[in-house]
Number of protein chains: 2
Amino acid sequence: MKTPAIFYHAGCPVCVEAEHQIADALDPARYEVELVHLGEQPTRIAAAEAAGVKSVPALVINGEAFHINFGAPMSALKG
Amino acid sequence: MKTPAIFYHAGCPVCVEAEHQIADALDPARYEVELVHLGEQPTRIAAAEAAGVKSVPALVINGEAFHINFGAPMSALKG
């Protein structure tokens with residue numbers, strides 16, 4: 001069975017870039033990647049928080065949360 | 001040719017956890033993953049900074065930097 005990997009985002013440019021590079025880079029043979037836009041699916045927020053998600057974009061692999069570009073630096077927003 | 005993916009870390013628990021989960025999760029068919037311990041290989045710091053790395057752990061995919069658990073939260077250090 002594949003390991004679940006949920007990529008949480010909110011549609012911002014930083015999220016989209018991380019989604020394309022990191023979520024797409026996961027091994028499809030081992031991971032079942034799901035993309036969740038919390039702005040469009042607010043009912044998923046509780047589960048994200050329960051997994052430890054404090055900010056987006058974040059990747060939850062097998063129940064463990066990893067924040068990507070946590071507190072995105074201003075430079076990332078200027079691009 | 002595979003896309004280069006360099007995982008920079010400094011050996012801390014947060015880095016090691018991210019390394020095991022994220023660097024190992026990349027698709028080996030498409031990415032050539034290199035692990036660089038900047039504490040042990042300080043000569044690699046300049047290249048990491050040039051790629052945009054501001055903190056570790058960070059993943060540079062095809063020259064683009066993504067900070068993982070940027071400014072690791074205190075909770076991650078208590079584990």
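A salt bridge, as I use the term here, is a side-chain nitrogen of Lys or Arg within 4 Å of a carboxyl oxygen of Asp or Glu. With that cut-off I looked between chain A and chain B of this predicted model and found zero salt bridges.

**Conventions.** I number residues from 1 along each chain as its sequence is written, and chains are lettered from A in the order in which they are written. Because the model is predicted, local features need pLDDT of at least 70 and side-chain atom pairs count only at pLDDT 80 or more, while totals for chains, interfaces and linings use all residues, and side-chain values use heavy atoms, with hydrogens and water left out.

**Confidence.** I noted ipTM 0.78 and pTM 0.83 for the model. Chain A averages a pLDDT (the predictor's confidence in each residue, from 0 to 100) of 87, and 89% of its residues score at least 70. Within chain A, the mean is lowest in helix α3 (residues 74–78), at 65, and highest in strand β2 (residues 31–37), at 95; helices (H or I, at least four residues) and strands (E, at least two) are DSSP runs, numbered from the N terminus.

**Interface.** I then looked up the area that chain A and chain B bury between them, which is about 1800 Å², with 57% of it on carbon and sulfur atoms; buried area is the accessible area (1.4 Å probe) that two parts lose on being put together, summed over both. Twenty residues from chain A and 20 residues from chain B take part in the contact, where contact means heavy atoms within 4.5 Å. I counted eight residue pairs in polar contact between the two chains, both residues at pLDDT 80 or more. A polar contact is a pair of N or O atoms within 3.5 Å; within protein, one must be able to donate a hydrogen and the other to accept it, and residues adjacent in sequence count only if both atoms are side-chain atoms. On the side of chain A that touches chain B, α1 (13–21), β3 and β4 (64–67) each give two or more residues, and the largest share, four residues, comes from β4(A).

Not counting residues up to four places away in sequence, B:Leu59 touches partners including A:Ile22, B:Phe7 and B:Ile68.

**B:Ile68.** I followed this residue to the loop between β4 (64–67) and α3 (74–78) of chain B. B:Ile68 counts as buried because its relative accessibility is 1%; buried means under 20% relative accessible area, exposed over 50%, partly exposed in between (1.4 Å probe, protein chains only). Its contacts beyond four places in sequence include A:Phe66, A:His67 and A:Ile68.

**Salt bridges within chains.** Another joins A:Glu34 and A:Arg44 at 3.1 Å, and since A:Glu34 lies in strand β2 and A:Arg44 in the loop between β2 and α2 (45–50), the pair ties together parts that are 10 residues apart in sequence.
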